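Dear colleague,

I am passing on the structure below, and would be grateful if you could look it over before reading my notes, which follow it.

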Amino acid sequence: QTNLKKVIAEIIPQKQAELKEVKEKYGDKVVGQYTVKQVIGGMRGMKGLMSDLSRCDPYQGIIFRGYTIPQLKEFLPKADPKAADQANQEPLPEGIFWLLMTGQLPTHAQVDALKHEWQNRGTVNQDCVNFILNLPKDLHSMTMLSMALLYLQKDSKFAKLYDEGKISKKDYWEPFYEDSMDLIAKIPRVAAIIYRHKYRDSKLIDSDSKLDWAGNYAHMMGFEQHVVKECIRGYLSIHCDHEGGNVSAHTTHLVGSALSDPYLSYSAGVNGLAGPLHGLANQEVLKWLLQFIEEKGTKVSDKDIEDYVDHVISSGRVVPGYGHAVLRDTDPRFHHQVDFSKFHLKDDQMIKLLHQCADVIPKKLLTYKKIANPYPNVDCHSGVLLYSLGLTEYQYYTVVFAVSRALGCMANLIWSRAFGLPIERPGSADLKWFHDKFRE
Ligand code: FCX
(Lines give C-alpha, C1' and ligand atoms only; values in the text may rest on other atoms or scores of the structure.)
Protein backbone atom coordinates (compact mmCIF):
# COMPACT_ATOMS: atom_id res chain seq x y z
CA GLN A 1 0.00 0.00 0.00
CA THR A 2 1.55 3.30 -1.06
CA ASN A 3 -1.25 5.63 0.06
CA LEU A 4 -0.12 7.06 3.39
CA LYS A 5 -3.60 8.15 4.48
CA LYS A 6 -4.98 4.64 3.97
CA VAL A 7 -2.04 3.12 5.87
CA ILE A 8 -2.59 5.47 8.82
CA ALA A 9 -6.35 4.92 8.78
CA GLU A 10 -5.62 1.23 9.43
CA ILE A 11 -3.09 1.92 12.19
CA ILE A 12 -5.15 4.53 14.07
CA PRO A 13 -7.68 2.11 15.67
CA GLN A 14 -4.81 -0.11 16.95
CA LYS A 15 -2.98 2.87 18.41
CA GLN A 16 -6.17 4.28 19.94
CA ALA A 17 -6.70 0.90 21.61
CA GLU A 18 -3.10 0.94 22.88
CA LEU A 19 -3.55 4.42 24.35
CA LYS A 20 -6.80 3.32 26.01
CA GLU A 21 -5.01 0.32 27.48
CA VAL A 22 -2.19 2.53 28.83
CA LYS A 23 -4.74 4.87 30.39
CA GLU A 24 -6.75 2.03 31.92
CA LYS A 25 -3.79 -0.01 33.17
CA TYR A 26 -1.50 2.76 34.35
CA GLY A 27 -3.81 5.76 34.64
CA ASP A 28 -3.33 6.06 38.40
CA LYS A 29 0.36 5.19 38.55
CA VAL A 30 2.79 7.88 39.69
CA VAL A 31 5.18 8.99 36.89
CA GLY A 32 7.62 10.72 39.19
CA GLN A 33 8.10 13.40 41.75
CA TYR A 34 9.15 16.88 40.87
CA THR A 35 10.57 19.73 42.82
CA VAL A 36 9.90 23.44 43.09
CA LYS A 37 13.21 23.94 41.28
CA GLN A 38 11.85 22.03 38.28
CA VAL A 39 8.59 23.97 38.24
CA ILE A 40 10.50 27.24 38.17
CA GLY A 41 13.29 25.84 35.99
CA GLY A 42 11.44 25.30 32.73
CA MET A 43 10.06 21.87 33.77
CA ARG A 44 13.44 20.32 32.98
CA GLY A 45 13.46 16.54 33.41
CA MET A 46 9.71 16.27 34.08
CA LYS A 47 7.76 13.86 31.87
CA GLY A 48 4.67 15.91 31.11
CA LEU A 49 3.78 15.06 27.51
CA MET A 50 3.05 12.01 25.40
CA SER A 51 4.56 11.93 21.89
CA ASP A 52 4.77 8.55 20.20
CA LEU A 53 7.06 9.57 17.34
CA SER A 54 10.45 9.99 18.91
CA ARG A 55 12.22 10.04 22.24
CA CYS A 56 15.49 11.61 23.23
CA ASP A 57 17.98 9.48 25.12
CA PRO A 58 20.52 11.66 26.99
CA TYR A 59 23.44 9.60 25.61
CA GLN A 60 22.19 7.98 22.39
CA GLY A 61 20.38 11.10 21.23
CA ILE A 62 17.20 11.12 19.23
CA ILE A 63 15.46 7.81 18.51
CA PHE A 64 12.76 8.00 15.85
CA ARG A 65 10.20 5.20 16.27
CA GLY A 66 12.97 2.98 17.65
CA TYR A 67 15.67 3.93 15.11
CA THR A 68 18.80 5.98 15.79
CA ILE A 69 20.24 8.50 13.29
CA PRO A 70 22.99 6.11 12.01
CA GLN A 71 20.39 3.37 11.52
CA LEU A 72 18.14 5.70 9.56
CA LYS A 73 21.04 6.72 7.37
CA GLU A 74 21.52 3.07 6.59
CA PHE A 75 17.90 1.93 6.22
CA LEU A 76 15.93 4.81 4.68
CA PRO A 77 15.57 5.11 0.89
CA LYS A 78 17.98 7.43 -0.93
CA ALA A 79 17.37 9.75 -3.90
CA ASP A 80 19.17 7.43 -6.29
CA PRO A 81 18.44 3.85 -5.23
CA LYS A 82 21.01 2.48 -7.70
CA ALA A 83 23.96 4.56 -6.51
CA ALA A 84 25.54 2.79 -3.55
CA ASP A 85 28.58 5.08 -3.24
CA GLN A 86 29.28 7.48 -0.38
CA ALA A 87 28.29 10.51 -2.44
CA ASN A 88 24.65 9.34 -2.42
CA GLN A 89 24.06 8.29 1.16
CA GLU A 90 21.70 10.90 2.57
CA PRO A 91 18.23 9.64 3.52
CA LEU A 92 15.15 11.17 1.90
CA PRO A 93 12.93 13.17 4.29
CA GLU A 94 9.90 11.54 2.66
CA GLY A 95 11.13 8.31 4.23
CA ILE A 96 11.46 9.70 7.72
CA PHE A 97 7.99 11.24 7.51
CA TRP A 98 6.55 7.86 6.52
CA LEU A 99 8.36 6.29 9.48
CA LEU A 100 7.17 8.98 11.91
CA MET A 101 3.58 8.60 10.76
CA THR A 102 3.38 4.81 10.59
CA GLY A 103 6.20 3.43 12.75
CA GLN A 104 7.28 1.38 9.70
CA LEU A 105 10.35 1.78 7.48
CA PRO A 106 9.06 2.67 4.01
CA THR A 107 9.79 0.96 0.72
CA HIS A 108 11.09 2.91 -2.28
CA ALA A 109 7.61 2.76 -3.80
CA GLN A 110 6.05 4.31 -0.68
CA VAL A 111 8.62 7.10 -0.60
CA ASP A 112 8.07 7.70 -4.30
CA ALA A 113 4.31 7.96 -3.78
CA LEU A 114 4.83 10.54 -1.04
CA LYS A 115 7.22 12.49 -3.25
CA HIS A 116 4.53 12.69 -5.98
CA GLU A 117 1.81 13.55 -3.50
CA TRP A 118 3.84 16.48 -2.12
CA GLN A 119 4.64 17.60 -5.66
CA ASN A 120 0.91 17.60 -6.46
CA ARG A 121 -0.02 19.53 -3.33
CA GLY A 122 3.00 21.87 -3.50
CA THR A 123 1.73 24.75 -5.64
CA VAL A 124 1.62 28.07 -3.82
CA ASN A 125 -1.08 30.35 -5.22
CA GLN A 126 -0.08 33.64 -6.80
CA ASP A 127 -1.82 35.68 -4.08
CA CYS A 128 0.46 34.12 -1.44
CA VAL A 129 3.51 34.58 -3.69
CA ASN A 130 2.58 38.26 -4.04
CA PHE A 131 2.08 38.52 -0.28
CA ILE A 132 5.65 37.30 0.31
CA LEU A 133 7.13 39.41 -2.48
CA ASN A 134 5.54 42.49 -0.91
CA LEU A 135 7.06 41.88 2.51
CA PRO A 136 9.79 44.38 3.45
CA LYS A 137 13.18 42.76 2.88
CA ASP A 138 14.48 43.85 6.25
CA LEU A 139 12.09 41.45 8.04
CA HIS A 140 13.93 38.44 9.42
CA SER A 141 13.36 35.43 7.15
CA MET A 142 11.79 33.50 10.07
CA THR A 143 9.29 36.34 10.52
CA MET A 144 8.50 36.12 6.82
CA LEU A 145 8.00 32.35 7.10
CA SER A 146 5.70 32.66 10.07
CA MET A 147 3.65 35.34 8.29
CA ALA A 148 3.43 33.33 5.07
CA LEU A 149 2.15 30.29 7.00
CA LEU A 150 -0.50 32.50 8.58
CA TYR A 151 -1.43 33.76 5.11
CA LEU A 152 -1.94 30.16 3.94
CA GLN A 153 -4.26 29.58 6.89
CA LYS A 154 -7.22 30.91 4.92
CA ASP A 155 -7.14 27.63 2.97
CA SER A 156 -7.33 25.44 6.08
CA LYS A 157 -9.73 22.56 5.46
CA PHE A 158 -10.08 21.89 9.18
CA ALA A 159 -10.98 25.51 10.01
CA LYS A 160 -13.59 25.53 7.23
CA LEU A 161 -15.24 22.25 8.26
CA TYR A 162 -15.24 23.27 11.93
CA ASP A 163 -16.72 26.65 11.11
CA GLU A 164 -19.50 24.97 9.10
CA GLY A 165 -20.19 22.59 11.98
CA LYS A 166 -19.55 19.68 9.65
CA ILE A 167 -16.97 17.73 11.57
CA SER A 168 -17.28 15.29 14.44
CA LYS A 169 -14.56 14.95 17.11
CA LYS A 170 -13.63 11.43 16.03
CA ASP A 171 -12.84 12.64 12.50
CA TYR A 172 -10.66 15.64 13.37
CA TRP A 173 -7.53 13.82 12.32
CA GLU A 174 -8.60 13.70 8.64
CA PRO A 175 -8.72 17.46 7.91
CA PHE A 176 -5.66 17.86 10.16
CA TYR A 177 -3.95 15.32 7.90
CA GLU A 178 -5.05 17.19 4.77
CA ASP A 179 -3.88 20.57 6.09
CA SER A 180 -0.61 19.10 7.38
CA MET A 181 0.18 17.41 4.07
CA ASP A 182 -0.60 20.66 2.22
CA LEU A 183 1.61 22.63 4.61
CA ILE A 184 4.52 20.20 4.26
CA ALA A 185 4.14 20.16 0.47
CA LYS A 186 4.12 23.97 0.23
CA ILE A 187 6.70 24.93 2.85
CA PRO A 188 9.81 24.36 0.65
CA ARG A 189 8.24 26.56 -2.05
CA VAL A 190 7.37 29.26 0.49
CA ALA A 191 10.85 29.06 2.03
CA ALA A 192 12.51 29.22 -1.39
CA ILE A 193 10.42 32.27 -2.37
CA ILE A 194 11.53 33.97 0.86
CA TYR A 195 15.17 33.19 0.03
CA ARG A 196 14.90 34.46 -3.54
CA HIS A 197 12.96 37.55 -2.44
CA LYS A 198 15.34 38.50 0.33
CA TYR A 199 18.65 37.58 -1.28
CA ARG A 200 18.19 37.16 -5.07
CA ASP A 201 16.26 40.23 -6.28
CA SER A 202 12.92 38.36 -6.02
CA LYS A 203 13.75 36.29 -9.13
CA LEU A 204 11.87 33.03 -8.55
CA ILE A 205 12.75 29.58 -9.88
CA ASP A 206 9.98 27.13 -10.90
CA SER A 207 9.55 23.85 -9.10
CA ASP A 208 11.01 20.76 -10.85
CA SER A 209 8.49 17.93 -10.73
CA LYS A 210 11.19 15.29 -11.22
CA LEU A 211 12.91 16.14 -7.98
CA ASP A 212 12.27 14.91 -4.46
CA TRP A 213 10.98 17.27 -1.72
CA ALA A 214 14.45 18.28 -0.46
CA GLY A 215 16.22 18.25 -3.84
CA ASN A 216 13.49 20.48 -5.24
CA TYR A 217 13.87 22.88 -2.30
CA ALA A 218 17.59 23.24 -3.08
CA HIS A 219 16.74 23.71 -6.77
CA MET A 220 14.10 26.40 -6.06
CA MET A 221 16.60 28.29 -3.91
CA GLY A 222 18.99 28.21 -6.88
CA PHE A 223 21.40 25.41 -5.93
CA GLU A 224 21.85 22.75 -8.62
CA GLN A 225 24.99 21.00 -7.36
CA HIS A 226 24.48 17.37 -6.35
CA VAL A 227 26.33 17.92 -3.08
CA VAL A 228 23.96 20.71 -1.98
CA LYS A 229 20.89 18.60 -2.79
CA GLU A 230 22.37 15.71 -0.79
CA CYS A 231 23.20 18.04 2.10
CA ILE A 232 19.63 19.40 2.17
CA ARG A 233 18.21 15.85 2.08
CA GLY A 234 20.25 14.87 5.12
CA TYR A 235 19.64 18.21 6.85
CA LEU A 236 15.86 18.01 6.42
CA SER A 237 15.88 14.42 7.66
CA ILE A 238 17.87 14.87 10.87
CA HIS A 239 16.23 18.12 12.06
CA CYS A 240 12.64 16.86 11.74
CA ASP A 241 11.80 15.93 15.33
CA HIS A 242 13.37 15.86 18.79
CA GLU A 243 10.70 14.37 21.07
CA GLY A 244 7.70 16.42 22.18
CA GLY A 245 9.10 18.85 24.72
CA ASN A 246 11.41 21.11 22.66
CA VAL A 247 10.11 24.63 22.11
CA SER A 248 8.96 24.29 18.48
CA ALA A 249 7.32 20.87 18.87
CA HIS A 250 5.75 21.71 22.19
CA THR A 251 4.42 25.08 20.99
CA THR A 252 2.89 23.51 17.89
CA HIS A 253 1.27 20.82 20.02
CA LEU A 254 0.02 23.30 22.63
CA VAL A 255 -1.55 25.64 20.08
CA GLY A 256 -3.01 22.68 18.17
CA SER A 257 -4.56 21.35 21.37
CA ALA A 258 -6.90 24.37 21.29
CA LEU A 259 -7.97 23.05 17.85
CA SER A 260 -6.15 25.86 16.12
CA ASP A 261 -5.50 24.41 12.65
CA PRO A 262 -2.04 23.21 11.48
CA TYR A 263 -1.15 26.56 9.86
CA LEU A 264 -1.84 28.55 13.04
CA SER A 265 -0.12 25.91 15.14
CA TYR A 266 3.02 25.64 13.06
CA SER A 267 3.35 29.38 12.60
CA ALA A 268 3.52 29.53 16.41
CA GLY A 269 6.08 26.70 16.46
CA VAL A 270 8.20 28.57 13.91
CA ASN A 271 8.20 31.63 16.19
CA GLY A 272 9.63 29.45 18.96
CA LEU A 273 12.23 27.95 16.65
CA ALA A 274 13.33 31.50 15.85
CA GLY A 275 14.71 31.95 19.37
CA PRO A 276 18.52 32.02 19.82
CA LEU A 277 18.44 29.34 22.53
CA HIS A 278 16.62 27.04 20.08
CA GLY A 279 16.84 26.99 16.25
CA LEU A 280 18.45 30.39 15.77
CA ALA A 281 21.60 28.99 17.41
CA ASN A 282 22.74 27.77 13.97
CA GLN A 283 22.93 31.34 12.64
CA GLU A 284 24.62 32.45 15.87
CA VAL A 285 27.38 29.84 15.48
CA LEU A 286 28.14 31.05 12.00
CA LYS A 287 28.08 34.67 13.11
CA TRP A 288 30.70 34.18 15.80
CA LEU A 289 32.87 31.94 13.64
CA LEU A 290 32.98 34.64 10.97
CA GLN A 291 33.85 37.27 13.58
CA PHE A 292 36.51 34.97 14.95
CA ILE A 293 38.01 34.42 11.49
CA GLU A 294 37.97 38.16 10.84
CA GLU A 295 39.97 38.73 14.01
CA LYS A 296 42.29 35.72 13.95
CA GLY A 297 42.07 34.06 10.52
CA THR A 298 41.27 30.35 10.04
CA LYS A 299 44.54 29.14 11.56
CA VAL A 300 44.04 29.73 15.26
CA SER A 301 45.54 28.16 18.34
CA ASP A 302 43.53 26.15 20.87
CA LYS A 303 44.34 28.90 23.38
CA ASP A 304 42.64 31.50 21.09
CA ILE A 305 39.48 29.39 21.16
CA GLU A 306 39.62 28.93 24.94
CA ASP A 307 40.04 32.68 25.41
CA TYR A 308 37.02 33.25 23.21
CA VAL A 309 34.89 30.97 25.43
CA ASP A 310 35.99 32.81 28.59
CA HIS A 311 35.25 36.14 26.94
CA VAL A 312 31.72 35.10 25.86
CA ILE A 313 30.79 33.64 29.23
CA SER A 314 32.25 36.47 31.26
CA SER A 315 30.17 38.90 29.20
CA GLY A 316 27.01 37.03 30.22
CA ARG A 317 26.35 35.28 26.91
CA VAL A 318 26.18 31.62 25.87
CA VAL A 319 28.50 29.83 23.45
CA PRO A 320 26.11 28.92 20.64
CA GLY A 321 26.08 25.35 19.37
CA TYR A 322 27.07 23.74 22.67
CA GLY A 323 24.91 22.31 25.43
CA HIS A 324 21.43 20.83 25.54
CA ALA A 325 18.49 20.63 27.88
CA VAL A 326 18.22 16.82 27.54
CA LEU A 327 21.35 15.45 25.84
CA ARG A 328 24.40 14.65 27.96
CA ASP A 329 26.77 13.68 25.15
CA THR A 330 27.59 14.90 21.64
CA ASP A 331 24.45 15.11 19.54
CA PRO A 332 24.38 12.27 16.95
CA ARG A 333 23.00 14.83 14.50
CA PHE A 334 26.32 16.64 14.90
CA HIS A 335 28.20 13.39 14.12
CA HIS A 336 26.03 12.89 11.03
CA GLN A 337 27.10 16.28 9.72
CA VAL A 338 30.76 15.68 10.58
CA ASP A 339 30.67 12.50 8.47
CA PHE A 340 29.09 14.41 5.60
CA SER A 341 31.60 17.25 5.73
CA LYS A 342 34.60 14.93 6.09
CA PHE A 343 33.60 13.25 2.84
CA HIS A 344 32.26 16.18 0.81
CA LEU A 345 34.17 19.15 2.22
CA LYS A 346 37.39 17.73 3.59
CA ASP A 347 39.61 20.65 2.49
CA ASP A 348 37.32 23.45 3.63
CA GLN A 349 39.10 25.79 6.08
CA MET A 350 35.94 26.86 7.90
CA ILE A 351 34.92 23.23 8.46
CA LYS A 352 38.41 22.46 9.78
CA LEU A 353 38.16 25.37 12.20
CA LEU A 354 34.73 24.22 13.32
CA HIS A 355 36.04 20.71 14.00
CA GLN A 356 38.95 22.19 15.98
CA CYS A 357 36.47 24.26 18.03
CA ALA A 358 34.28 21.20 18.63
CA ASP A 359 37.34 19.49 20.04
CA VAL A 360 38.53 22.35 22.25
CA ILE A 361 35.33 24.06 23.44
CA PRO A 362 33.74 21.14 25.36
CA LYS A 363 36.93 20.69 27.41
CA LYS A 364 36.89 24.38 28.21
CA LEU A 365 33.15 24.44 29.00
CA LEU A 366 33.68 21.50 31.37
CA THR A 367 35.64 23.85 33.61
CA TYR A 368 32.40 25.80 34.15
CA LYS A 369 30.75 23.48 36.61
CA LYS A 370 27.22 24.84 36.13
CA ILE A 371 27.00 23.68 32.48
CA ALA A 372 25.28 20.28 32.42
CA ASN A 373 26.36 19.40 28.87
CA PRO A 374 29.42 20.99 27.22
CA TYR A 375 29.17 18.98 23.97
CA PRO A 376 28.23 20.15 20.47
CA ASN A 377 24.57 20.06 19.48
CA VAL A 378 22.96 19.94 16.04
CA ASP A 379 23.22 23.70 15.52
CA CYS A 380 26.97 23.64 16.03
CA HIS A 381 27.55 22.22 12.55
CA SER A 382 24.54 22.89 10.37
CA GLY A 383 25.17 26.56 9.56
CA VAL A 384 28.82 26.01 8.73
CA LEU A 385 27.87 23.18 6.38
CA LEU A 386 25.45 25.42 4.49
CA TYR A 387 27.98 28.26 4.41
CA SER A 388 30.72 26.06 2.98
CA LEU A 389 28.35 24.85 0.27
CA GLY A 390 27.60 28.41 -0.85
CA LEU A 391 24.44 29.21 1.11
CA THR A 392 26.14 32.06 2.91
CA GLU A 393 23.17 34.15 4.10
CA TYR A 394 23.20 32.95 7.68
CA GLN A 395 20.09 34.86 8.73
CA TYR A 396 18.22 32.36 6.58
CA TYR A 397 19.51 29.17 8.20
CA THR A 398 16.73 28.70 10.72
CA VAL A 399 14.24 28.66 7.84
CA VAL A 400 15.92 25.49 6.54
CA PHE A 401 15.55 24.06 10.05
CA ALA A 402 11.88 25.09 10.04
CA VAL A 403 11.21 23.34 6.71
CA SER A 404 12.50 20.16 8.30
CA ARG A 405 10.79 20.61 11.67
CA ALA A 406 7.44 20.87 9.84
CA LEU A 407 7.67 17.09 9.33
CA GLY A 408 7.81 16.22 13.02
CA CYS A 409 5.42 18.93 14.17
CA MET A 410 2.80 18.01 11.58
CA ALA A 411 3.15 14.27 12.23
CA ASN A 412 2.70 14.92 15.95
CA LEU A 413 -0.32 17.14 15.32
CA ILE A 414 -2.08 14.55 13.16
CA TRP A 415 -1.46 11.89 15.79
CA SER A 416 -2.62 14.18 18.61
CA ARG A 417 -5.98 14.53 16.87
CA ALA A 418 -6.11 10.81 16.05
CA PHE A 419 -5.48 10.05 19.75
CA GLY A 420 -8.13 12.62 20.70
CA LEU A 421 -5.73 14.35 23.09
CA PRO A 422 -7.38 17.14 25.09
CA ILE A 423 -6.59 20.84 25.31
CA GLU A 424 -3.34 21.32 27.24
CA ARG A 425 -3.84 23.25 30.43
CA PRO A 426 -1.23 22.83 33.18
CA GLY A 427 -1.74 24.65 36.45
CA SER A 428 0.44 27.50 37.62
CA ALA A 429 1.12 28.91 41.05
CA ASP A 430 1.95 32.36 42.35
CA LEU A 431 4.85 32.85 44.79
CA LYS A 432 2.46 33.02 47.76
CA TRP A 433 1.29 29.51 46.93
CA PHE A 434 4.84 28.17 47.35
CA HIS A 435 5.24 30.00 50.69
CA ASP A 436 1.90 28.76 51.97
CA LYS A 437 2.51 25.19 50.89
CA PHE A 438 6.07 24.76 52.13
CA ARG A 439 6.48 27.21 55.01
CA GLU A 440 7.57 25.28 58.09
N1 FCX B 1 27.48 28.49 26.88
C2 FCX B 1 27.47 29.18 28.05
N3 FCX B 1 26.70 28.84 29.10
C4 FCX B 1 25.94 27.75 28.97
C5 FCX B 1 25.93 26.96 27.82
C6 FCX B 1 26.72 27.39 26.73
N7 FCX B 1 26.73 26.74 25.56
N8 FCX B 1 25.07 25.92 27.99
C9 FCX B 1 24.56 26.06 29.23
N10 FCX B 1 25.07 27.17 29.82
C11 FCX B 1 24.73 27.74 31.13
C12 FCX B 1 23.25 28.11 31.14
O13 FCX B 1 23.03 29.37 30.50
C14 FCX B 1 22.97 28.10 32.62
O15 FCX B 1 23.50 29.28 33.18
P16 FCX B 1 22.72 30.07 34.36
O17 FCX B 1 22.52 29.06 35.45
O18 FCX B 1 23.66 31.18 34.70
O19 FCX B 1 21.43 30.54 33.76
C20 FCX B 1 23.81 26.94 33.11
O21 FCX B 1 24.86 26.77 32.13
C22 FCX B 1 23.06 25.64 33.27
O23 FCX B 1 22.44 25.33 32.04
P24 FCX B 1 22.21 23.82 31.57
O25 FCX B 1 21.38 23.14 32.61
O26 FCX B 1 23.50 23.20 31.19
O27 FCX B 1 21.40 24.01 30.22
P28 FCX B 1 19.87 24.41 29.99
O29 FCX B 1 19.07 23.16 29.92
O30 FCX B 1 19.44 25.46 30.94
O31 FCX B 1 19.95 25.09 28.55
C32 FCX B 1 20.57 25.33 26.30
C33 FCX B 1 20.14 24.35 27.39
C34 FCX B 1 20.58 24.61 24.96
C35 FCX B 1 19.53 26.47 26.20
C36 FCX B 1 21.99 25.88 26.64
O37 FCX B 1 22.92 24.83 26.66
C38 FCX B 1 22.46 26.97 25.68
O39 FCX B 1 22.08 28.14 25.85
N40 FCX B 1 23.29 26.59 24.62
C41 FCX B 1 23.73 27.55 23.63
C42 FCX B 1 22.62 27.83 22.62
C43 FCX B 1 22.36 26.65 21.73
O44 FCX B 1 23.27 26.07 21.15
N45 FCX B 1 21.07 26.28 21.55
C46 FCX B 1 20.64 25.19 20.66
C47 FCX B 1 20.14 23.97 21.44
C48 FCX B 1 19.50 22.87 20.62
F49 FCX B 1 20.32 22.15 19.90
C50 FCX B 1 18.24 23.33 19.91
O51 FCX B 1 17.21 23.35 20.59
O52 FCX B 1 18.26 23.66 18.72
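The buried residues of α15 pack against α14 (281–296) and α17 (349–366), where contact means that C-beta atoms, placed from the backbone, lie within 7 Å, and helices are DSSP runs (H or I, at least four residues) numbered from the N terminus. This is a predicted model, in which local features need pLDDT of at least 70 and side-chain atom pairs count only at pLDDT 80 or more, while totals for chains, interfaces and linings use all residues. Residues are numbered from 1 along each chain as its sequence is written.

The buried residues in question are Ile 305, Tyr 308 and Val 309, buried meaning that 20 or more other C-beta atoms lie within 10 Å of a residue's own, and exposed that 12 or fewer do. Seen down the axis of α15, they fall within an arc of 100° (taken from the directions from the helix axis to the C-beta atoms), so they line one face of the helix. On the face turned away from that buried side, α15 carries the exposed residues Lys 303, Asp 310, His 311 and Ser 314. Just after α15, Gly 316 has a positive phi of about 80°.

Elsewhere, Ser 141, Met 142 and Leu 145 in α7 meet Thr 398, Val 399 and Ala 402 in α19.

Best regards

How values were computed:
Two residues are in contact if their C-beta atoms, placed from the backbone, lie within 7 Å. Helices (H or I, at least four residues) and strands (E, at least two) are DSSP runs, numbered from the N terminus.
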